[in-house]
Amino acid sequence: MAIGAVGIAGIVVVATGNQKGDSTVWGFAGLGLLVALGVLGVIFFVPIWTGRRSRILVDHTGLWVENGKLRNVIPWNALAGVCLYWSKLGSSQTLYSLELFPTGPIDRDDPVLWTLVRDEEPFRPGLPRLRHRLAVPAASRQQMVAAVQRYAPRLWLGESERASGHIGRPDIKGHRERTRGEG
């Protein structure tokens with residue numbers, strides 16, 4: 001976000017500081033770089049700003065997901081298992097996700113939980129394809145695992161390495177198509 005702020009500030013300085021009206025190739029190149037930095041800043045800022053009020057809570061009932069406006073729970077008694085997936089992103093970063101395998105159907109269009117729904121082969125036979133995938137920051141991984149093991153030890157399936165970039169994205173297009181015309 002700081003890079004974007006520098007880019008936007010640089011554009012303002014260039015736009016207001018050139019009173020002579022002369023332009024050079026280096027001036028346009030610098031302006032292009034500053035515009036690119038400003039765009040990058042906006043691209044990184046938007047998801048951070050929209051997720052600023054998101055929270056994950058774990059208690060004896062289940063795993064609560066809050067998006068700042070709404071809250072819903074994935075109850076422990078509705079799960080067949082929980083595990084931690086991890087994958088390498090590049091050479092230095094590791095991505096973690098908590099996988100929640102349900103015993104029954106999932107509402108793919110729940111206002112809070114739909115962004116967590118993933119459909120792919122399970123890592124163990126007997127588990128459903130459809131599950132909730134919750135990205136977990138590396139700094140919170142141990143706390144999340146400890147909370148699951150504390151409140152639902154019978155559900156804990158361990159850890160499993162996945163292919164790089166395993167977290168993926170929610171099915172936004174499918175969600176829009178499925179919810180089209182609803183309230």
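Contact is defined here as heavy atoms lying within 4.5 Å. The structure is a predicted model, in which local features require pLDDT of at least 70 and side-chain atom pairs count only at pLDDT 80 or more, while totals for chains, interfaces and linings use all residues. Residues are numbered from 1 along each chain as its sequence is written, and side-chain values use heavy atoms, with hydrogens and water left out. Helices (H or I, at least four residues) and strands (E, at least two) are DSSP runs numbered from the N terminus. Strands of a sheet pair through backbone hydrogen bonds, either parallel or antiparallel; in the present description, two strands pair if DSSP finds at least two bridges between them.

Five strands form an open sheet of mixed pairing, in the order 6-7-5-4-8. Strand 6 (117-119) and strand 8 stand at its edges with a single partner strand each, so one side of each is left without a neighbour in the sheet. On average, neighbouring strands of this sheet are turned by 30° against each other, direction ignored. Axes for such angles are lines fitted to C-alpha atoms, for helices over the stretch in contact, and the angles run from 0 to 180 degrees between N-to-C directions. Strand 4 and strand 8 run parallel and are joined by four bridges; L84 stands opposite E159 in strand 8. Helix 3 packs on the sheet, where strand 4, strand 5, strand 7 and strand 8 are touched, and the direction of helix 3 makes about 150° with that of strand 8.

A further open sheet consists of three strands in the order 1-2-3, with antiparallel pairing. Its edge strands are strand 1 and strand 3 (71-75), each of which pairs on one side only. Neighbouring strands here are turned by 20° against each other on average, direction ignored. Strand 1 and strand 2 run antiparallel and are joined by four bridges, and a hairpin of three residues leads from strand 1 to strand 2. Within this pairing, I56 has V65 of strand 2 as its bridge partner.

In helix 3 (residues 141-151), the buried residues are R141, M144, V145, A147 and V148. These residues cover an arc of only 160° around the axis, which puts them on the same side of helix 3; the arc is that of the directions from the helix axis to the C-beta atoms. The face turned away from this buried side carries the exposed residues Q143 and R150. The cover over the buried residues of helix 3 includes strand 1 (55-58), strand 2 (62-66), strand 4 (79-89), strand 5 (93-102), strand 7 (130-136) and strand 8 (156-161).

Lys and Arg count as positive and Asp and Glu as negative, whereas His and the chain ends are not counted. A salt bridge is a side-chain nitrogen of Lys or Arg within 4 Å of a carboxyl oxygen of Asp or Glu. Although buried, R141 has no salt bridge, and the nearest side chain of opposite charge, E159, is 4.0 Å away. Apart from neighbours within four places in sequence, R141 is in contact with L84, Y96, V136 and E159.

Six salt bridges are present in the structure. One of them joins the side chains of R71 and E66 (2.7 Å, N to O). R71 is partly exposed, with a relative accessible area of 47%, whereas E66 is buried at 15%. Another salt bridge joins the side chains of R129 and D119 (2.9 Å, N to O). R129 lies in the loop between strand 6 and strand 7 and D119 in strand 6, so the pair ties together parts that are 10 residues apart in sequence. Both residues are partly exposed, R129 at 38% relative accessibility and D119 at 41%.

E120 also forms a salt bridge, with R133, and the closest N and O atoms are 2.6 Å apart. The loop between strand 6 and strand 7 holds E120 and strand 7 holds R133, so this pair ties together parts that are 13 residues apart in sequence. E120 is partly exposed at 25% relative accessibility, while R133 is buried with a relative accessible area of 2%. Salt bridges that share partners join E99, E120, R131 and R133 into one network.

Terms used
Buried < 20%, exposed > 50% of the residue type's maximum accessible area, 1.4 Å probe, protein only.
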